[in-house]
Amino acid sequence: MENPDIDNFRRRLGESIQTRRKVSHLTQEQLAEATNSSTEWISQVERGIGMPSVELLLRLASALDMDAVDLLRAATDPRIGRPGCQELGFLAQD
């Protein structure tokens, strides 16, 4: 049974990961290598088809030079994490 809230969360999480990857000038292949994952799985996560495990979420955040909490925040707040939304600039601040 599908759950619209989980589907929306998964989609927004994928969008935020994809946006941050692009801002970081990484290909899916590079992100897969950095996270010890497959390019196919990264693609599925970015498209909102797959849900990363907590372990992969932590590896993704590390590879994208951010906190996992920021990735989750981008997925739960519809104003954050959309492609083109200041390219997640607020998350890239040092």
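How many helices and strands are there in the protein? There are six helices and zero strands. Helices (H or I, at least four residues) and strands (E, at least two) are DSSP runs, numbered from the N terminus.

**Figure 1. The predicted model as a whole.** This is a predicted model, in which local features need pLDDT of at least 70, side-chain atom pairs count only at pLDDT 80 or more, and totals for chains, interfaces and linings use all residues. Residues are numbered from 1 along each chain as its sequence is written, and side-chain values use heavy atoms, with hydrogens and water left out. From the N terminus on, the elements run α-α-α-α-α-α. The mean pLDDT (the predictor's confidence in each residue, from 0 to 100) is 84. Of the residues, 80% reach 70 or more. Over residues 81–94, pLDDT stays under 50. The model has 24 contacts (heavy atoms within 4.5 Å) beyond four places in sequence for that stretch. Buried residues make up 40% of the 94 residues. Buried means under 20% relative accessible area, exposed over 50%, and partly exposed in between (1.4 Å probe, protein chains only).

**Figure 2. The largest nonpolar core.** A nonpolar core is a set of buried Ala, Val, Leu, Ile, Met, Phe, Trp, Tyr and Cys residues joined through side-chain atoms within 4.5 Å. The largest one has 15 residues. Among them, L13, I17, L31, L60 and L71 touch the most other members. Helices α1 (4–23), α2 (28–34), α3, α4 (54–63) and α5 (68–76) each supply at least two residues of this core. The most come from α4, which gives four. In soluble globular proteins, nonpolar side chains tend to be buried together. Take L60: residues up to four places away in sequence aside, L60 touches I17, L31, T35, I42, P52 and L71.

Figure 3. The buried residues of α3 are I42, S43, Q44, V45 and E46. They pack against α1, α2 and α4. Helix α3 covers residues 39–46, and E46 belongs to it. E46 counts as buried because its relative accessible area is 5%. Neighbours within four places in sequence aside, E46 contacts G14, E15, I17, Q18, R21, Q28 and L31. Just after α3, G48 takes a positive phi of about 80°.

**Figure 4. Where α4 meets α5.** These two helices pack at an angle of about 105°, with their axes 8 Å apart. Axes are lines fitted to C-alpha atoms, for helices over the stretch in contact, and angles run from 0 to 180 degrees between N-to-C directions. The pair is therefore roughly perpendicular (65 to 115 degrees). L57, L58, L60 and A61 in α4 meet A68, L71 and L72 in α5. The residues of this contact divide into seven nonpolar, no polar and no charged. Here Ala, Val, Leu, Ile, Met, Phe, Trp, Tyr, Cys and Pro count as nonpolar, Asp, Glu, Lys and Arg as charged, and the others, Gly among them, as polar.

**Figure 5. V69 in α5.** V69 lies in helix α5. V69 is exposed, because its relative accessible area is 51%. The C-alpha atoms of V69 and L57 are separated by 9.5 Å. Along the chain, these residues are twelve apart.

Figure 6. Most residues other than glycine have a negative phi. N36 is not a glycine, yet has a positive phi of about 55°. N36 lies in the loop between α2 and α3. With a relative accessible area of 69%, N36 is exposed. D65 sits in the loop between α4 and α5. The phi of D65 is near 60°, a positive value in a residue other than glycine. D65 counts as exposed, at 58% relative accessibility.

Technical notes. Parallel < 35°, antiparallel > 145°, perpendicular 65-115°, else oblique.
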